[in-house]
Amino acid sequence: MSPSPVQYAVVVPVKPPARGKSRLVGLTDVQRRELAGAFALDTVTACLAATTVGAVLVATDDATFSAELARLGCPAIPDGVASDLNAALRQAAAEARRRWPDLLPVALCADLPALRPEDLDLALGSVAAGETRFVADAAGIGTTLYTAPYDGFDPRFGVDSRAAHLDGGAREITGPLASLRRDVDDLADLRDALALGVGTRTAFVADGLGLDA
């Protein structure tokens with residue numbers, strides 16, 4: 001009998017949409033809030049559809065957004081340490097371990113509206129047991145995904161996070177993985193994501209704003 005495939009618990013940090021995506025210049029606060037929420041919901045939906053993912057846990061202090069996640073079947077916890085992304089991720093991973101001790105933790109950015117489940121499966125399927133791995137963003141500077149065993153879970157998201165993860169001993173997951181690399185910080189990123197094909201919520205909001213690829 002072949003061993004069961006490895007399954008993961010994905011932890012996703014989400015700023016309250018009202019405070020997210022300040023670099024989407026030219027849009028109103030309401031429009032930025034709508035896009036930030038749509039990005040996160042589309043990211044979580046793609047995670048839930050991936051065959052390698054056994055659970056998704058979102059860390060957010062936005063109660064309204066938590067209710068939207070619950071309708072998707074995704075639990076949420078307060079992030080507790082909103083000023084420190086990596087501390088929030090470690091805290092969320094500890095809670096994931098408590099809930100799903102047989103799953104392996106993955107930290108994933110919440111601004112991947114073009115994410116395809118098959119790209120996530122391809123990336124996670126390349127990780128051997130006990131490895132610490134990460135996926136760089138499209139610019140090759142930041143990070144969109146990080147995974148390590150619970151006891152060694154030490155994400156280093158932030159400025160120049162690709163270099164920080166390499167310095168910490170993590171190995172980069174290579175390959176195209178376009179939808180997994182395409183995080184969205186500004187309108188140029190969003191147009192690139194739209195060209196790849198985004199989830200239904202982002203597509204709806206972007207269409208209402210007259211945005212296209």
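This is a predicted model: local features need pLDDT of at least 70, side-chain atom pairs count only at pLDDT 80 or more; totals for chains, interfaces and linings use all residues.

Student: Where do Glu131 and Arg171 sit in the chain?
Tutor: Glu131 is in the loop between α4 (117-125) and β5 (133-136). Arg171 is in strand β7 (residues 171-172).

Student: Is Arg171 buried, exposed or partly exposed, and what is the relative accessibility?
Tutor: Arg171 counts as partly exposed, at 45% relative accessibility. The limits are under 20% for buried and over 50% for exposed, so 45% falls in between.

Student: How many salt bridges does the structure hold?
Tutor: It holds 13. Another one joins Arg32 and Asp29, with the closest N and O atoms 2.3 Å apart.

Student: How far apart are Arg32 and Asp29 in helix α1?
Tutor: They are three residues apart in helix α1 (residues 29-49), so about one helical turn separates them.

Student: And Arg32, buried or exposed?
Tutor: Buried. Its relative accessible area is 16%.

Student: Which residues are linked in a network of salt bridges?
Tutor: Arg182, Asp183, Asp189 and Asp192. Asp192 is in helix α7 (residues 187-196), and Arg182 is in the loop between α6 (178-181) and α7. They are 10 residues apart.

Student: What is the relative accessibility of each, Asp192 and Arg182?
Tutor: Asp192 has a relative accessible area of 41%, which is partly exposed. Arg182 has 11% and counts as buried.

Student: How many positive and negative side chains are there in the protein chain?
Tutor: There are 20 positive and 28 negative. The centres of the two sets lie 2 Å apart.

Student: New topic. What about the overall build? How many helices and strands are there?
Tutor: Eight helices and seven strands. The C-alpha trace spans about 50 × 35 × 35 Å along its principal axes.

Student: What does the radius of gyration say?
Tutor: It is 16 Å. A compact globule of 213 residues would have a value near 17 Å, so the two agree.

Student: How much of the chain is buried?
Tutor: Buried residues make up 50% of the 213 residues. The chain exposes about 9,800 Å², and carbon and sulfur atoms supply 53% of that.

Student: What share of contacts join residues at least 24 apart?
Tutor: It is 66%, counted among contacts between residues at least 6 apart in sequence. For a distance across the chain, look at Gly37 and Val205. They are 168 residues apart along the chain, yet their C-alpha atoms are separated by 9.9 Å.

Student: Where does Gly37 lie?
Tutor: Gly37 lies in helix α1. It counts as buried, at 9% relative accessibility.

Student: Last topic, backbone angles. What is phi of Asp160?
Tutor: It is near 55°, a positive value in a residue other than glycine. Most residues other than glycine have a negative phi. Asp160 sits in the loop between β6 (143-147) and α5 (161-167). At 44% relative accessibility, Asp160 counts as partly exposed.

Student: And what about phi of Leu177?
Tutor: Also positive, near 45°. Leu177 lies in the loop between β7 and α6. Leu177 is buried, with a relative accessible area of 4%.

Definitions and conventions. Residues are numbered from 1 along each chain as its sequence is written. Side-chain values use heavy atoms; hydrogens and water are left out. Helices (H or I, at least four residues) and strands (E, at least two) are DSSP runs, numbered from the N terminus. The radius of gyration is taken over C-alpha atoms; the globule rule is 2.2 Å times the number of residues to the power 0.38. Buried means under 20% relative accessible area, exposed over 50%, partly exposed in between (1.4 Å probe, protein chains only). Contact means heavy atoms within 4.5 Å. Accessible areas come from the Shrake-Rupley method with a 1.4 Å probe; for residues, only the protein chains shown count as cover. Lys and Arg count as positive and Asp and Glu as negative; His and the chain ends are not counted. The place of a charge is taken as NZ of Lys, CZ of Arg, CG of Asp or CD of Glu. A salt bridge is a side-chain nitrogen of Lys or Arg within 4 Å of a carboxyl oxygen of Asp or Glu.
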